[in-house]
Amino acid sequence: MNKPLRRVAIFCGLLMLALLVRNNWIQYAQADKLRTDEKNRRVAIERYATPRGDIIVDGEPITGHKTTGGDFAYKRTYKNGAMWAPVTGYVSQAFGANQLESIEDGILTGNDDRLFFRNTLDMLTGKKKQGGNVVTTLSGAAQKAAYNGLKKQGAKGSVVALEPSTGKILALASYPSYDPSTIAGNSLETDAKAWEKLQKKNNPDDPMLNRALREVYPPGSTFKVVTAAAALEHGMVEDADQKTDTPLPYIMKGTTTELKNEGNLPCEDATLREALRVSCNTVFGKLGTDLGNDKMLETAKKFGFGEEHFTPVRSSASLFDKDMEPSQVALSSIGQFNTAATPLQMAMVAAAIANNGTLMKPYMVDELQTPGLDTIEKTDPEKFSEPVSPENAQILQSMMETVVKDGTGTNAQIDGVTVGGKTGTAQHGENNSKNPYAWFISYAKTDDGSAPVAVAVVIEDENAVRDDISGGGLAAPIAKSVMEAVLKSKQ
C-alpha cells in the first residue's frame, strides 16, 4: 500500500473509532442523563402515559386522573383541591410538581425502584403499569373544619393540627388557596393563564404560598408559653402560683424604655399562672431578661426553633436570635423583635406540653403502598426532643387550662373536655404600623388524660384589634372547631 492510501486508511479507521466511542458514550455513559432530561419529550410522554397513583386521606383518594386525548394520555385531578393543596401540592404537565406530588413522584408514577418487581410482573402478564399510593396521616374532618374556619374569616391565615403522642399531622390548611386541577395540563389557553393568575406578582394574596409550613410570623404572646417553660426548666420559677417579683412599670434592662402591657392588667408581682391568664408582657419580658439570651435560646431550640422540619414537605425554620441585648431578649421573650415562627412550629410547642414534655417529629405520610395496596414503607413515630420535664409540662398544662377556663381563651371551651390554650396578637411592621396577626395555640384532653390533638391557628386580619383578645376572638373559634372534629372522629 502506498503512503497516501495508508494515510487515508488510518484516517478512516480513526473516524470509525471516534464514531464507536461516541456511540458507546451516548448509549451507556449518558443514557440515564438523556433519558431523564427535561427537554426529552419522551420522558414527559412516558410519565403521563399511565394513571398516576393516589394521595389517600381516611382511606379515600383526594386525587384522581382523567384522559386527555393528546400525547400526554392522563392528567391529574383533585377533589376539594383548594382545601388539600397545602398537603398535595400540584403536578402539572407544563409546570412540574411540588410538595407531596414531587417528593413522592417515584411512587405515584410507578417508577420507584421499590416497585421494580411489581412492574416486572405486570409487564410479563401484560398488565398496564400503575402508580402506587401515598397514605397520609391527615383527618378529613379536621382539615375541613380548619379550611372552612379560615374561609369564613375571609382573611389570610393557616391552621396546623398535630397528634401530640405521635407527631402525626391531622390538619394542614392555608388560605387563600388554589385548585391544582386548574394547572394540571399543558394548555396555553387555560392552564398557562391560570398559572399566571396564581403568581404573587399578579395576585397579592399569593394563594400558592403554603402558609402553614413556609410563612414565618411573629408569634406574639403565644411565645410566652416557651418563656414560661424556660423559667420552669431553669429554676427561675418553681410552680405556677409563685410570685414573679415583677415591678410595674417595668423598665427594660439597659434602657429607659418601659415595656408596657396591653391595658390595665394585674401584672405587678403576678404569679406565672395569672401572668399567662391575662398575658402580662412585663412578667415574661423580665423573666426572659433574667434568664438571659443563652437559656432562652436553648429552650426555644428544644421546641424546634432554628431547624427546618421535613414532614416530608420542608417547613421553614423558626427563629429566636442569639447575641441580643437584654432589652431585645425581653421583647423576643414575648414573641416580638426578631422572633418568628411557622404555624407548624407553634403547634409543636402546644403538642410537646400536651404530651407531658415530649416533642415528637411531625409527619404527614403514614405509609407508601404498591398499586396492589401492599405496604412499601411505613413511618414510625420518632421523638424530636424533651423540651420540658413531665412535672413542668403538667404545670404548664394547668396554666394553659386556666387561660381557657377564665382567661383570654374562653372561646375555645368545649363542653365536657379539658382544653388548654394561649392567645396572642403579634404586632409587626415599622413602629407596629401594620395590622396585627391573631394567634391561638391549644390542645384538648380526653377523660383518660391523653391529648389526641394540638392546634395552632394564625390569622392576618384587617380588623384585628391590638390586644390578646383578638387571638381569642378570631383564632380560638377555629381551633375549637378543629379540636371538636378530631375528638368526634375518635369516638
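# Reading the core, strands and disulfide of a predicted model

A: In this predicted model, the largest nonpolar core has 118 residues. Those with the most contacts inside this core are Val159, Phe284, Phe303, Phe305, Met364, Val455 and Ile459.

Q: Which residues is phenylalanine 303 in contact with, leaving aside its neighbours within four places in sequence?
A: With those neighbours set aside, phenylalanine 303 is in contact with Val226, Ala229, Gln345, Met348, Val349, Ala352, Ile353, Leu359, Phe384, Pro387 and Val388.

Q: Among contacts between residues at least 6 apart in sequence, what percentage join residues at least 24 apart?
A: In the protein chain, 69% of those contacts join residues at least 24 apart. The elements of the chain are 17 helices and 20 strands.

Q: How is a strand read face by face, and which residues of S20 lie on each side?
A: In a regular strand the side chains alternate between the two faces of the sheet. In strand S20 (residues 453-460), Val453, Val455, Val457 and Ile459 lie on one side, and Ala454, Ala456, Val458 and Glu460 lie on the other. Both faces are covered, and eight of the eight residues of S20 are buried.

Q: In what sense do strand S8 and S20 pair, and over how many bridges?
A: Strand S8 (residues 156-162) pairs with S20 in the antiparallel sense, over seven bridges. Valine 159 stands opposite valine 457 in S20. Val159 also belongs to the residues with the most contacts inside the largest nonpolar core.

Q: What is the strand order in the open sheet of five strands, and which are its edge strands?
A: The order is S2-S1-S7-S15-S16, with mixed pairing. Strand S2 (60-61) and strand S16 (375-378) are the edge strands, each pairing on one side only. S1 and S2 run antiparallel and are joined by two bridges. Valine 57 has glutamate 60 in S2 as its bridge partner.

Q: How is a helix read, and which residues of H4 are buried?
A: An α-helix has 3.6 residues a turn, so residues three or four places apart point the same way. Helix H4 (residues 81-88) is mostly covered, with seven of its eight residues buried. The buried ones are Gly81, Met83, Trp84, Ala85, Pro86, Val87 and Thr88.

Q: How many disulfides does the structure hold, and what does the cysteine pair tie together?
A: The structure holds one disulfide. It joins cysteine 267 to cysteine 280, with an S to S distance of 2.1 Å. Cysteine 267 lies in the loop between strand S11 (258-259) and helix H11 (272-278), and cysteine 280 in the loop between H11 and helix H12 (281-291), so the pair ties together parts that are 13 residues apart in sequence.

Q: Is the link left-handed or right-handed, and are its cysteines buried or exposed?
A: With -90° about the S-S bond, the link is left-handed. Cysteine 267 and cysteine 280 are both buried.

Notes:
Residues numbered from 1 in each chain as written. Predicted model: local features only at pLDDT ≥ 70, side-chain atom pairs only at ≥ 80, totals over all residues. Heavy atoms only, no water. Disulfide = S-S within 2.5 Å. Helix = DSSP H or I, 4+ residues; strand = E, 2+ residues; numbered from the N terminus. Buried < 20%, exposed > 50% of the residue type's maximum accessible area, 1.4 Å probe, protein only. Core = buried A, V, L, I, M, F, W, Y, C linked by side-chain atoms within 4.5 Å. Contact = heavy atoms within 4.5 Å. Pairing = 2+ DSSP bridges.
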